[in-house]
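The sequence and coordinates come first.

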Amino acid sequence: MAAANAPAGLFDCRDAYVRAVEELAAADNRIVAVVNDSVGSSKLGKFRDRFPDRLINVGIAEQNMVGVGAGLANGGKIPFVSGAGSFLTARAMEQIKADCAYSEQNVKLCGISSGVAYGELGATHHSIEDIAWLRAIDKLTVIVPADPWETAAAIKAAAAHDGPVYVKISRMPVPELARPAGAAFAIGKAETLCEGGDIALVVNGTLVHRALAAAEALAAEGVAARVVNMATVSPLDTDALAAAAATGAIVTAEEGLAHGGLGGAVAEYCAQHAPVRMRMLGFAGFQPTGSVDWLFERSGLTAEGIAAAAREMLALRG
Amino acid sequence: METVGLARSGGRSGAENARVERVRERANWMRRRLLGMIVDAGQGHPGGDLSSADILASLYFDILRIDPKAPSALDRDRFVMSKGHCTGALYTALAGAGFFAEAELDTYLKPGSRLNGHPNRAYLPGVETNTGPLGHGLPVAVGIAVAGQIDGADFRTFVLTGDGELQEGSVWEAAMFAGHRGLGKLTVIVDRNRLQQGAKTEDTNSLEPLADKWRAFGWQVAGVDGHDHAALLAAFDAAAEPRDKPLVIIADTHKGQGVSFMRDQAGWHHGVPNAEQYAEALRELGAELEAEMK
């Protein structure tokens with residue numbers, strides 16, 4: 001597997017996304033792609049060459065893009081509507097709510113280059129609010145995959161699911177996570193990547209491999225951290241959350257706002273059903289210009305930042 | 001500026017007369033029924049319902065190839081009610097066409113009813129997409145028409161928009177793309193009653209020259225008297241001719257059409273007739289019906 005713009009051993013999840021969509025399209029002519037002049041940034045050039053009639057480029061018009069997606073679903077297609085996460089979600093929010101979710105249309109929304117992938121371009125291009133916004137919408141499944149395997153699996157699961165789905169797709173280089181043979185992805189099912197009873201790290205997307213590294217550092221200090229990959233934010237896997245809460249402390253971390261997203265969802269559940277001390281790591285608000293790595297570091301979204309938050313929690317518990 | 005000729009009906013054959021009379025009778029029934037629903041519910045949008053009733057009657061009782069027993073059939077014609085607040089007209093048309101029992105109209109806006117203030121396809125067969133916020137119908141209809149274009153399908157897609165609704169930018173995103181794709185099986189009808197919620201469209205944010213706007217976006221444009229049933233049927237028949245452009249039919253209409261004290265009155269956008277007004281409205285509609293039956 002080669003990702004041209006990712007360092008050795010790391011992968012751009014867009015490649016896994018387009019491979020999965022092409023594979024689906026080859027097997028099912030209902031699969032279509034809808035883009036907002038984003039063939040290149042969505043890496044759908046090869047899809048266009050293979051399935052020219054099934055690549056619908058509406059131009060720079062996100063409200064129409066999502067409405068057209070809903071109409072294609074009405075017409076029997078399974079549309080993958082792909083655009084930069086920031087524009088797809090913010091610009092077309094009412095179309096996502098009314099035309100896709102409330103209308104219960106079978107539309108797959110793919111937020112490309114989400115989070116702070118466009119680091120230097122600034123907060124207009126960062127998509128850190130998307131999960132907070134979208135998880136508030138009823139009937140919309142929300143998935144944040146962690147690596148190429150999970151991205152491909154989530155796309156295939158989204159295609160098989162009859163209903164609207166949002167998949168947040170990163171372009172930030174990430175490693176392929178080690179998984180046991182036979183590992184399977186299911187919408188609404190969290191993945192416990194590391195068992196542990198001292199504290200739980202509940203994470204998703206680009207923070208999963210960082211949380212695993214944090215758990216390794218904590219293990220060296222004699223702390224057994226449980227790492228839960230909560231790829232589906234809506235609906236939440238509450239069984240996995242109950243088990244996480246049973247450790248007595250939870251740290252959440254996500255490439256998004258520190259409030260309202262995954263951390264907010266976990267806090268809502270735990271406050272009502274499994275009260276537990278929590279720390280929520282993410283971005284505090286609009287981010288300045290800067291490289292992606294710098295933005296992650298300044299907000300503590302690193303293995304060291306997650307481990308430090310875990311140590312603070314353990315110290316509080318005494 | 002180019003203007004659009006307003007099609008009005010001329011001489012007709014006996015068979016044509018029967019088509020027209022059926023649509024006329026159904027439109028009159030819709031008007032009487034929807035006014036009763038609004039009175040019973042204590043709220044509604046009678047002005048727009050009455051403005052669009054003849055257009056919906058022409059579509060649902062003559063033009064659309066739909067089967068209420070197969071509301072999800074892939075090859076069905078689609079009608080998208082973009083002005084989703086006009087549910088009095090939509091629900092009476094759907095009930096009249098057989099998508100649900102007419103008696104259910106009595107539940108309009110009642111707690112738990114399938115007959116929401118704005119239509120919901122998840123509850124109610126025959127509804128294609130959930131509308132209410134304006135500017136949503138055309139993008140969805142364009143997607144439906146693109147699906148048909150990809151498949152080389154025969155079905156037609158119709159959308160009814162309000163005229164004030166054309167102030168929404170999403171309408172023009174979709175109009176531009178429909179023109180670009182040459183969606184020849186797509187027809188928009190603009191309910192051009194010249195009134196939006198609180199005022200005249202031309203005093204609020206003017207739409208004219210409206211036909212020129214659509215032409216510039218790559219559309220074929222026709223005009224019709226939106227209350228002349230024969231002219232509406234002729235316009236929809238003509239819309240079935242092969243085209244390489246989408247078609248917009250600008251229907252010259254009157255808010256509150258059929259009830260003299262509501263006609264062209266912005267105040268009846270929302271509003272509920274009192275008992276006396278309701279009786280007067282029914283008398284006017286009945287008188288119209290009696291006149292037709294002679």
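## Overall build of the two chains

Buried residues account for 62% of the 318 residues in chain A. The model is a predicted one. In chain B, 55% of the 294 residues count as buried.

Chain A contains 12 helices and 12 strands. A compact globule of 318 residues would have a radius of gyration near 20 Å, and the 19 Å of chain A agrees with that. Its C-alpha trace spans about 60 × 40 × 40 Å along the principal axes.

Chain B contains 9 helices and 6 strands. The radius of gyration of chain B is 18 Å, close to the 19 Å given by the globule rule for 294 residues, so chain B is as compact as a globular protein of that length. Along the principal axes, the C-alpha atoms of chain B fill a box of roughly 50 × 45 × 40 Å.

The table sets out surface and contact values for each chain.

| Chain | Accessible surface | Share from carbon and sulfur atoms |
|---|---|---|
| Chain A | about 11,400 Å² | 53% |
| Chain B | about 11,300 Å² | 50% |

Contacts between residues at least 6 apart in sequence can be split by separation. In chain A, 76% of such contacts join residues at least 24 apart. In chain B, the share that joins residues at least 24 apart is 78%.

Charged side chains were treated as two sets per chain. Chain B has 31 positive and 39 negative side chains, with the centres of the two sets 2 Å apart.

## Domains of chain A

Chain A is divided into domain 1, residues 13-169, and domain 2, residues 191-317. The contact between them takes 23 residues from domain 1 of chain A and 31 residues from domain 2 of chain A. Taken over C-alpha atoms, the centres of domain 1 and domain 2 of chain A are separated by 26 Å.

## Backbone features

In chain A, a cis bond joins Ser234(A) and Pro235(A), with omega about 0°. Pro235(A) sits in the loop between β10 (232-234) and α9 (238-245) of chain A. In chain B, Glu208(B) and Pro209(B) are joined by a cis peptide bond, again with omega about 0°. The loop that holds Pro209(B) runs between α6 (201-204) and α7 (210-216) of chain B.

Positive phi values at non-glycine residues are a further point to check. Ser113(A) is not a glycine, yet its phi is positive, at about 50°. Ser113(A) belongs to the loop between β4 (108-112) and α6 (130-134) of chain A. With a relative accessible area of 1%, Ser113(A) is buried, because buried means under 20%.

Lys139(A) also has a positive phi, of about 70°, although it is not a glycine. The loop between α6 and β5 (141-143) of chain A contains Lys139(A). At 46% relative accessibility, Lys139(A) counts as partly exposed, because exposed means over 50%.

Ile250(B) is part of strand β6, residues 247-252 of chain B. Its relative accessible area is 12%, and Ile250(B) is therefore buried. Leaving out residues up to four places away in sequence, Ile250(B) touches Val190(B), Arg192(B), Leu210(B), Ala211(B), Trp214(B), Val221(B), Ala222(B), Gly223(B) and Val224(B). Asn274(B) lies 24 residues from Ile250(B) along the chain, and their C-alpha atoms are separated by 33 Å.

Asp67(B) lies in the loop between α2 (46-63) and β2 (78-81) of chain B. The relative accessible area of Asp67(B) is 36%, so Asp67(B) is partly exposed. Asp67(B) and Ala97(B) are 30 residues apart in sequence, with 8.6 Å between their C-alpha atoms.

Note on methods. Residues are numbered from 1 along each chain as its sequence is written. Chains are lettered from A and ligands numbered from 1 in the order in which they are written. This is a predicted model: local features need pLDDT of at least 70, side-chain atom pairs count only at pLDDT 80 or more; totals for chains, interfaces and linings use all residues. Side-chain values use heavy atoms; hydrogens and water are left out. Helices (H or I, at least four residues) and strands (E, at least two) are DSSP runs, numbered from the N terminus. The radius of gyration is taken over C-alpha atoms; the globule rule is 2.2 Å times the number of residues to the power 0.38. Buried means under 20% relative accessible area, exposed over 50%, partly exposed in between (1.4 Å probe, protein chains only). Contact means heavy atoms within 4.5 Å. Accessible areas come from the Shrake-Rupley method with a 1.4 Å probe; for residues, only the protein chains shown count as cover. Lys and Arg count as positive and Asp and Glu as negative; His and the chain ends are not counted. The place of a charge is taken as NZ of Lys, CZ of Arg, CG of Asp or CD of Glu. Domain bounds come from an automatic or database domain assignment.
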